[in-house]
Amino acid sequence: MQYDDSAAGTRLNAAVPRFVPGHPGIESVIPGALTVGDARSSVSSLAQPIPHELWLDLRETGLIFKDVPIPAFGDRVVQQ
């Protein structure tokens, strides 16, 4: 399945670093980067706001299972 992230207005690679730590069972994440450019890109993506609608859209398309908690606002996680 391919997802068109241009319609959401948010690149998926900016949302990925927020997804894993958004789960209540995850306390920390140690990201890795192959290059300095990769590291800079990861850091800058953390400053980009991720609209809640993106998580809902990914759930609707089946890219996130319905029972998986999704990041919400701040540190709060939504379980629906």
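**Helices, core and loop**

Guide: Let's start where two helices touch. Asn13, Ala14, Pro17 and Arg18 of H1 are in contact with Ser45, Leu46 and Ala47 of H2. One thing to keep in mind: this is a predicted model.

Visitor: Okay. What classes of residue make up the contact of H1 with H2?
Guide: Four are nonpolar, two are polar and one is charged.

Visitor: And at what angle do the axes of H1 and H2 cross?
Guide: Roughly 80°, and the axes come within 9 Å. An angle from 65 to 115 degrees counts as roughly perpendicular, so H1 is roughly perpendicular to H2.

Visitor: Why give me both an angle and a distance?
Guide: Because two packed helices are described by the angle between their axes and the distance between the axes.

Visitor: Let me zoom out. How many helices and strands does the protein have?
Guide: Three helices and two strands. Along the sequence the pattern reads α-α-α-β-β.

Visitor: Back to H1, then. How does H1 pack with H3?
Guide: H1 covers residues 12–19 and H3 covers residues 52–60. They pack at an angle of about 90°, with axes 12 Å apart. So H1 is roughly perpendicular to H3.

Visitor: Which residues make that contact?
Guide: From H1, they are Leu12, Ala15, Arg18 and Phe19. From H3, they are Leu54, Trp55 and Leu58.

Visitor: How do the residues of the contact of H1 with H3 divide by class?
Guide: Six are nonpolar, none is polar and one is charged.

Visitor: Alanine 15 was on that list. What is alanine 15 in contact with, leaving aside neighbours within four places in sequence?
Guide: Ile50, Leu54 and Trp55.

Visitor: Now the inside. What makes up the largest nonpolar core?
Guide: Eight residues in all. They are Ala14, Ala15, Ile50, Leu54, Trp55, Leu58, Ile64 and Ile70.

Visitor: Which elements give two or more residues to this core?
Guide: H1 and H3 do. H3 gives the most, with three residues.

Visitor: How much of the whole protein counts as buried?
Guide: 24% of its 80 residues.

Visitor: And the accessible surface, what does that come to?
Guide: About 5800 Å². Carbon and sulfur atoms account for 58% of that surface.

Visitor: Where is glycine 22 found?
Guide: In the loop between H1 and H2.

Visitor: Is glycine 22 buried or exposed?
Guide: Buried. Its relative accessibility is 8%, and buried means under 20%.

Visitor: What about glycine 25, buried or exposed?
Guide: Exposed. Glycine 25 is also in the loop between H1 and H2. Its relative accessible area is 57%, and the cut-off for exposed is over 50%.

Visitor: How far apart are glycine 25 and proline 69?
Guide: 9.9 Å, C-alpha to C-alpha. In sequence they are 44 residues apart.

Visitor: One more from the loop. What does isoleucine 26 touch, not counting residues up to four places away in sequence?
Guide: Val20 and Pro21. Isoleucine 26 is in the loop between H1 and H2. With a relative accessible area of 34%, isoleucine 26 is partly exposed.

Visitor: Last topic: serine 42. Where is serine 42 found?
Guide: In helix H2, which covers residues 36–47. Serine 42 counts as partly exposed, at 33% relative accessibility.

Visitor: How far is serine 42 from valine 16?
Guide: In space, 9.5 Å from C-alpha to C-alpha. Along the sequence, serine 42 and valine 16 are 26 residues apart.

Terms used
Residues are numbered from 1 along each chain as its sequence is written. This is a predicted model: local features need pLDDT of at least 70, side-chain atom pairs count only at pLDDT 80 or more; totals for chains, interfaces and linings use all residues. Side-chain values use heavy atoms; hydrogens and water are left out. Axes are lines fitted to C-alpha atoms, for helices over the stretch in contact, and angles run from 0 to 180 degrees between N-to-C directions. Helices (H or I, at least four residues) and strands (E, at least two) are DSSP runs, numbered from the N terminus. Angles under 35 degrees count as roughly parallel, over 145 as roughly antiparallel, 65 to 115 as roughly perpendicular and the rest as oblique. Contact means heavy atoms within 4.5 Å. Ala, Val, Leu, Ile, Met, Phe, Trp, Tyr, Cys and Pro count as nonpolar, Asp, Glu, Lys and Arg as charged, and the others, Gly among them, as polar. Buried means under 20% relative accessible area, exposed over 50%, partly exposed in between (1.4 Å probe, protein chains only). A nonpolar core is a set of buried Ala, Val, Leu, Ile, Met, Phe, Trp, Tyr and Cys residues joined through side-chain atoms within 4.5 Å. Accessible areas come from the Shrake-Rupley method with a 1.4 Å probe; for residues, only the protein chains shown count as cover.
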